[in-house]
Amino acid sequence: MTWTTQPRFKQAGLAMITKPIPHCTDLSLVFLHGVGLRAEAWGAQIAAFAGRHSILAFDMAGHGESAAFDAPVHTLDAFLEPIIRALDAEACTPAMIIGHSMGAMLALRLAVKRPDLVSAVVALNAVYRRSEDAKTAIMARLDALKDDQPLDPNPVLARWFSNQTTPEAIACQSWLAQMDPKAYHAAYHIFAKTDGLSDADLSCVTCPVLFMTGALDPNSTPAMSEAMAKATPIGQSLVLAGAAHMMPMTHSDAVNRAIATLVDGASAIERI
């Protein structure tokens, strides 16, 4: 798999990769990436599902080709609002929302705020109730960031990849190196300060949800996915053996199979 830059369409101030199909006759898939990435991180999923489903893969604000915020932002909803505006302008909703890391938090929050836009959620490598050690570690990483200095990708890559010479790691290194440090800091600050959705919010996610993480992910742990699945009315969890935080890229075949299983179920519901 190569992670080459793809053409963009812009809506509501956000850039996105779009792969429409005529008349929106089947379920649409919306992809939301994590901090420091861009829409191309979903390249393997776009390739797998384009042609069968309309695809929207967003660049989060300040990432890829999406502009950063004009003023400081302090909440997850600040990143969600332009996504909602863009989806409101699209005809192919409700859609399956597939998010990774901070994108998973956005996907779940979207299902709470605007359930009319969401038919199902796939939450990959999401966080929920970090341990005290995990909170201390992520706050230390946040404190080490400087929003007026270029981001050093190496500590991030060391957390994400055991082998930093793979095409996936090289692609992420390039995306991180291109990040505006202020934009990265703004997103990471919210990610670090947000400890997942509350139990009250999770109980309001009434659509089907698949929580999926890697067995080797120390920060988005299997226990977190299992707990979130229990907290949602129609939740299930899946843990990928041998996978860590970047499994949409490193274990794309397994991730795609899991998404396809949920897509088939959601499509069956849509047809009833």
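The model is predicted, so local features need pLDDT of at least 70 and side-chain atom pairs count only at pLDDT 80 or more, while totals for chains, interfaces and linings use all residues. Residues are numbered from 1 along each chain as its sequence is written, and side-chain values use heavy atoms, with hydrogens and water left out.

**Exercise 1.** Determine what radius of gyration the protein has, and whether it agrees or disagrees with that of a compact globule.

Step 1. The radius of gyration is taken over C-alpha atoms, and the globule rule is 2.2 Å times the number of residues to the power 0.38.

Step 2. For 272 residues a compact globule would have a value near 19 Å, and the 17 Å of the protein agrees with this.

Step 3. Along the principal axes, the C-alpha atoms fill a box of roughly 50 × 40 × 35 Å.

Step 4. Of the 272 residues, 53% count as buried, where buried means under 20% relative accessible area with a 1.4 Å probe and protein chains only.

**Exercise 2.** Locate Asn125, decide whether it is buried or exposed, and describe its surroundings.

Step 1. Asn125 lies in the loop that runs between strand S6 (118–124) and helix H4 (132–144); helices (H or I, at least four residues) and strands (E, at least two) are DSSP runs, numbered from the N terminus.

Step 2. Asn125 counts as buried because its relative accessibility is 0%.

Step 3. Leaving aside neighbours within four places in sequence, Asn125 is in contact with residues including His100, Asp217 and His245, contact meaning heavy atoms within 4.5 Å.

Terms used:
Buried < 20%, exposed > 50% of the residue type's maximum accessible area, 1.4 Å probe, protein only.
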